[in-house]
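Reader: Hi! I have a new model open and would like to walk through it with you. Shall we start with the pockets and then go on to the rings?

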Amino acid sequence: MELVYDYPLYRPPSESQSLIFQVTLGCSFNKCSFCNMYRTKAYSERSIDEIDKEIDLMANYYPETKRIFLADGDALNLETIKLIHILSTIRKKFNHLERISSYSMPKNLLEKSHDELESLKKAGLDMVYLGIESGNNTVLKKVTKGATSKMIVDSCKKAKDTGFILSCMIILGLGGKNYSKVHAEDTAKIINEIEPDYIGALTLYMEPGVEKEFYTKFKEPFIPLDDLDILDELNRLINGISVSYKLIFRANHASNVYSIGGTLPKDKQDILQKIGYLKEHPELLKPKMLRRF
């Protein structure tokens, strides 16, 4: 049985087997020029009564559920007391649960106090997914991310200090050819500083719904990267990531030119060698018609 979802419905690739509860609809910011995910619906927050009824229903149908994802774009925008109720109710109803997770924007984490975040962790929130997109402030401003690199670092460190598992996303090609070098280098720097548990690399894919807006907000000619440029940028990014702990890296999103992944720093040289091999054999790259954001 499936809940009556308000589509479109999105979740991270790693939540493909998770039960999803839409506790908010849309995105409270919804101005990132590269993102078309929630442009068709206005942000709203669902009532506790509706959510409670869905939790009861799904607990009866799927009592063995192990993972739950709270949608839509930024469930952490909810008032802390409301989130605590939702999390506590889920934990009471699902006895085999291993993880509850949600998307978060930097502002969601920054607007909550450390005590509030600790209360959410105690109530059952285990993991947050946050879009870094880029570590370069010029690129962040040009794509109207709504956050600076400092805000991103501060919010991520806040999440890590609370004990959340942190999975961050970055977007290859986001700065075009003019900013490719600084985009990759500054993004690697911010990853080194944040020390997330997971990094997912997507590749910019211009959807028709936001293409004009993206080019207008960029405020200068945007020169997109071709596939070999993307591999060069990925190479620069991986070279720049220097961590001493176990960082799981994945570039296996539907937008990527090829599925590449590994655990850093252990697999760093293997990943770099793979990138080099793909540059020599572009026929192995995914056809553009099969890519999507």
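**Pockets, rings and a few residues**

Author: Happy to. One thing first: this is a predicted model. As for the pockets, about 340 Å³ of space lies in the second largest pocket.

Reader: Which residues lie nearest the centre of the second largest pocket?

Author: Those are Leu204, Tyr205, Met206, Pro224 and Leu225, out of 17 residues that line the second largest pocket. Sorted by class, that lining holds 10 nonpolar, 3 polar and 4 charged residues.

Reader: And how much space lies in the largest pocket?

Author: About 1200 Å³. The lining of the largest pocket is made of 45 residues, and Pro12, Pro13, Tyr103, Met169 and Leu202 lie nearest the centre.

Reader: Which elements give two or more residues to that lining?

Author: Five strands are the ones to look at: S5 (99-104), S6 (127-133), S7 (165-172), S8 (198-203) and S9 (247-251).

Reader: How does the lining of the largest pocket divide into nonpolar, polar and charged?

Author: There are 26 nonpolar residues, 9 polar and 10 charged.

Reader: Nice. On to the rings, then: how many aromatic pairs does a search of the whole structure find?

Author: It finds 13 aromatic pairs. One of them joins Phe69 and Tyr103 in an edge-to-face arrangement, with 5.1 Å centre to centre and 85° between the planes.

Reader: Where do Phe69 and Tyr103 lie?

Author: Phe69 is in strand S4 (residues 67-71) and Tyr103 is in strand S5, so their pair ties together parts that are 34 residues apart in sequence.

Reader: Are Phe69 and Tyr103 buried or exposed?

Author: Both are buried. For Phe69 the relative accessible area is 0%, so it falls under the 20% cut-off.

Reader: What other ring does Phe69 form an aromatic pair with?

Author: Tyr129, and that pair is edge-to-face too, at 6.1 Å centre to centre with 70° between the planes. Since Phe69 lies in strand S4 and Tyr129 in strand S6, this pair ties together parts that are 60 residues apart in sequence. Tyr129 is buried as well, at 2% relative accessibility.

Reader: Which residues do ring pairs link into a cluster?

Author: The cluster is made of Tyr179, Phe214, Tyr215, Phe218 and Phe222.

Reader: Changing topic. I clicked on Gly26, so where does that one lie?

Author: Gly26 is in the loop between strand S2 (24-25) and strand S3 (44-45). Its relative accessibility is 0%, so Gly26 counts as buried.

Reader: What is Gly26 in contact with, leaving aside its neighbours within four places in sequence?

Author: Tyr38, Lys41, Tyr43, Asp72, Gly73 and Asp74. If you want a distance to check on screen, Gly26 and Leu9 are 9.1 Å apart, C-alpha to C-alpha, and 17 residues apart in sequence.

Reader: Last one: is Asp227 buried or exposed?

Author: Buried, because its relative accessible area of 19% is under the 20% cut-off. Asp227 belongs to helix H9 (residues 227-240).

Reader: And what does Asp227 touch, not counting residues up to four places away in sequence?

Author: Asp227 touches Val257, Leu285, Lys288 and Arg291.

Definitions and conventions. Residues are numbered from 1 along each chain as its sequence is written. This is a predicted model: local features need pLDDT of at least 70, side-chain atom pairs count only at pLDDT 80 or more; totals for chains, interfaces and linings use all residues. Side-chain values use heavy atoms; hydrogens and water are left out. On a 1 Å grid over the protein atoms alone, a cavity is a set of points where a 1.4 Å probe fits but cannot get out, and a pocket is an open set with protein on both sides within 12 Å along at least five of seven lines; lining residues have an atom within 4 Å of a point. Grid points are joined across faces, edges and corners, and a volume is the space filled by probe spheres set on the points. Helices (H or I, at least four residues) and strands (E, at least two) are DSSP runs, numbered from the N terminus. Ala, Val, Leu, Ile, Met, Phe, Trp, Tyr, Cys and Pro count as nonpolar, Asp, Glu, Lys and Arg as charged, and the others, Gly among them, as polar. Buried means under 20% relative accessible area, exposed over 50%, partly exposed in between (1.4 Å probe, protein chains only). Contact means heavy atoms within 4.5 Å. Rings of Phe, Tyr and Trp (its six-membered ring) pair if their centres lie within 6.5 Å; planes under 30 degrees apart count as stacked, over 60 as edge-to-face and the rest as tilted.
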